[in-house]
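Visitor: I'm new to reading protein models and would like a walk through this one. Could you show me where to begin?

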Amino acid sequence: TLVHVLLISAQVQSRSGMPIIKAAAFGVFASIQHVTSGVADLGRSFWSNYVALRGVAAENDVLKKRVLELEGIAQAQAAIVSQTIELEDLLRLQQSLVAPTLAARVIAGDPAPGADMITIDRGSADGVQPDMAVIGHHGVVGRVYNRPTAHAAQVQLLKGRLAAAHAVTERSLAAGMVQGGAGDPPLEMNFVDVLRDVEVGERVLTSGLDGIFPRGFLIGTVERAVKGSGFYSDLRVRPAVDFNRLDVVLVVMVKREP
């Protein structure tokens, strides 16, 4: 029966004049070809888009690297400008000082958290000795600590807990000891006469009485004044120097006895 049906279908023609079985087969193959063609087009589209995306990604990487390079160049240029300005300021300060000074570059900082030491590239071969004062163009930095090597020396920063400088306020002439503290600002001025009317914003200067720092160098400004219940007031002092950004300093080449 199936054979008869096939024979009849092969002889019966469709409206287009093509035998029905042939037309059916053509339709099936056309559908398959359509699907196959669609899959092939999808594959080609995917591949071309994939390749294009890979190209864009690679170009993106190149552009990112170039941007980083340009940012690095810009930062390096900004650092050079900053150092040039600092050197010019130090040169003007050096020319205005009566005591002889020696310019030194900061070559290392103590890696310990909250460290209070830096290392400079001048030492005993340059005449640097322990307890010489070290200043920046904004104010007091610290003092030479320990015995220097031939071409390097450690500097104890004034913000250190074991560092101190005798100081006096500029307007009220209140005297006291400036030491490193744990708070913000990092300096505190202790043993200030409670009868002195110290105002916030007053400049704090070295008095010269400690035997290390010459008189008249700027330490910082009073940020907070707390009168004690006894004989003394405690002051919080904002340092004039940014201890985290020290590149070049001056060593005061006068050996005084503390």
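Predicted model: local features only at pLDDT ≥ 70, side-chain atom pairs only at ≥ 80, totals over all residues.

Visitor: How many helices and strands does the protein chain have?

Guide: You'll find two helices and 12 strands. Going along the sequence, the pattern is α-α-β-β-β-β-β-β-β-β-β-β-β-β, so read the strands as DSSP runs numbered from the N terminus.

Visitor: And what share of the residues counts as buried?

Guide: Of the 258 residues in the protein chain, 32% count as buried. The chain exposes about 16,000 Å², and carbon and sulfur atoms supply 60% of that area. As for contacts with a separation of 6 or more, 55% of them come from residues 24 or more positions apart.

**The barrel**

Visitor: Which strands make up the closed barrel?

Guide: Six strands do, in the order β6-β7-β8-β11-β10-β9, with antiparallel pairing. From one strand to the next, the twist averages 40 degrees.

Visitor: How should I read a pairing between two strands?

Guide: Start with the bridges. Strand β7 (residues 175-180) and strand β8 (residues 187-193) are antiparallel and share four bridges. Glutamine 179 has glutamate 188 in β8 as its bridge partner.

Visitor: How many bridges join β9 to β10?

Guide: Three bridges link strand β9 (residues 203-206) with strand β10 (residues 218-227), again in the antiparallel sense. Valine 204 stands opposite glycine 220 in β10. On to the next pair: seven bridges join β10 to strand β11 (residues 232-239), also running antiparallel, and valine 226 is partnered with aspartate 234 in β11.

Visitor: How many aromatic pairs does a search of the whole structure find?

Guide: The search turns up one. Phenylalanine 191 and tyrosine 232 sit edge-to-face, with 5.7 Å from centre to centre and 85 degrees between the planes. The edge-to-face label applies because planes over 60 degrees apart count that way. This pair links distant parts of the chain, with phenylalanine 191 in strand β8 and tyrosine 232 in strand β11, 41 residues apart.

Visitor: Is phenylalanine 191 buried or exposed?

Guide: Phenylalanine 191 is exposed, with a relative accessible area of 52%. Tyrosine 232 comes out as partly exposed, at 46%. The labels differ because exposed means over 50%, with partly exposed lying between that and the 20% cut-off for buried.

**Backbone details**

Visitor: What should I look for in the backbone angles?

Guide: Now for the cases here. Asparagine 146 has a positive phi of about 60 degrees, though it is not a glycine. Asparagine 146 is in the loop between β4 (140-145) and β5, and it is partly exposed, with a relative accessible area of 42%. Leucine 173 also has a positive phi, near 55 degrees, and lies in the loop between β6 (164-169) and β7.

Visitor: Which two residues does a cis peptide bond join?

Guide: Aspartate 184 and proline 185, with omega about 10 degrees. Proline 185 is in the loop between β7 and β8.

Visitor: Where is histidine 151 found?

Guide: Histidine 151 belongs to the loop between β4 and β5 and is exposed, with a relative accessible area of 55%. Its C-alpha atom is 4.1 Å from that of glycine 123, a residue 28 places away along the chain. Setting aside neighbours within four places in sequence, histidine 151 is in contact with Ile120, Asp121, Arg122, Gly123 and Ala125.

Terms used:
Residues numbered from 1 in each chain as written. Heavy atoms only, no water. Buried < 20%, exposed > 50% of the residue type's maximum accessible area, 1.4 Å probe, protein only. Contact = heavy atoms within 4.5 Å. Areas by Shrake-Rupley, 256 points an atom, 1.4 Å probe, with all protein chains shown as cover. Pairing = 2+ DSSP bridges. Axes fitted to C-alpha atoms, helices over the stretch in contact; angles between N-to-C directions. Phe/Tyr/Trp six-rings, centres within 6.5 Å; stacked < 30°, edge-to-face > 60°.
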